[in-house]
Amino acid sequence: MLKQRVITAVWLAPVVLVGLFGLQGESYALFTAFVMLLGAWEWTNLAGVTQPLRRAALVAGCAVLMLVMWISGATHAQWPLWLAAAGWLLNLVWVTRYPGLAAQWHSTPGRLLMGLWVLLPCWVGFNILRETGAVWLLFVLLLVWSADIGAYFAGRRWGKRKLAPRVSPGKSWEGVMGGMAATALLAIGFAFTLSLGLAEGVALVAVTLLVTLISVLGDLLESMLKRYRDVKDSSQLLPGHGGVLDRIDSLTAAIPLFALLYLQVLGL
């Protein structure tokens, strides 16, 4: 398993880095759309759709919707980001009340609809952040990775109070605090590097801490869906690493909401 994970990481990392930071404009939009469509393929399974042809038809429909968004200019509009904000508030209620409110979303159409407000605004967020400057796209990626690393070590050292035992028993509140400490340091480092003023630096730290919490919710949402579906990974598209959604679950929440807060609060 370790050998397979390493092999996958060796070819995957350069592809992702070139795609996210080497491409621009339409090429970048196509690359990120492809990633989201891979996620959509996996989401259909999490939604309970098992027939390959039906799954392919649903993904094709998602691709058509993305094309319409591109032609209409919605890929650089703010309304999909506000849709994400509303959707993730609803996701928060469902995750924290699981399994009590599962009847509200457990149907296949309900889970498919959920996927639209998770994946499509994420695609929009990727496009907006790339245009505002690759530095902020890099920042969100580092934020999610720092949160994961901080949560892992803090959780192992001090983790006692379970965060969401019915959804993800391994996560703890102490781990979340460790992740927030790590991302706060990251934000402070970026503020100094970019020579931000005091007010801008404080705003960046505040936004960072909020997005850190949101990224945890992204992880928990996928865990909830996998637990309900009784699967370990979203797919086996990435040998040794599970599926695409297993790698971007936190980003699906962090990317669109950081993009929204960047536009509404930071404006750097």
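This is a predicted model: local features need pLDDT of at least 70, side-chain atom pairs count only at pLDDT 80 or more; totals for chains, interfaces and linings use all residues.
The buried residues of α7 are Glu174, Gly175, Val176, Gly178, Gly179, Met180, Thr183, Ala184, Leu186, Ala187, Phe190 and Ala191, and what covers them includes the helices α6 (134-158) and α8 (198-229) together with the strands β1 (162-164) and β2 (168-172). Just after α7, Ser195 takes a positive phi of about 55°.

The structure holds one cavity of 30 Å³ or more. The lining of this largest cavity is formed by Trp43, Trp88, Val118, Gly218, Leu221, Glu222, Leu245, Asp249 and Thr252, and the elements that give two or more residues to that lining are α8 and α9 (244-266).

Helix α7 returns in the second largest pocket, where α4 (79-96), β1, α7, α8 and α9 each supply at least two residues of the lining. Of the 23 residues that line this pocket, Leu92, Thr96, Leu213, Ile214 and Leu217 are the closest to its centre.

The volumes and lining compositions of the two spaces are set out below.

| Space | Volume | Nonpolar lining residues | Polar lining residues | Charged lining residues |
|---|---|---|---|---|
| Largest cavity | about 60 Å³ | five | two | two |

Technical notes
Residues are numbered from 1 along each chain as its sequence is written. Side-chain values use heavy atoms; hydrogens and water are left out. Buried means under 20% relative accessible area, exposed over 50%, partly exposed in between (1.4 Å probe, protein chains only). Helices (H or I, at least four residues) and strands (E, at least two) are DSSP runs, numbered from the N terminus. Contact means heavy atoms within 4.5 Å. On a 1 Å grid over the protein atoms alone, a cavity is a set of points where a 1.4 Å probe fits but cannot get out, and a pocket is an open set with protein on both sides within 12 Å along at least five of seven lines; lining residues have an atom within 4 Å of a point. Grid points are joined across faces, edges and corners, and a volume is the space filled by probe spheres set on the points. Ala, Val, Leu, Ile, Met, Phe, Trp, Tyr, Cys and Pro count as nonpolar, Asp, Glu, Lys and Arg as charged, and the others, Gly among them, as polar.
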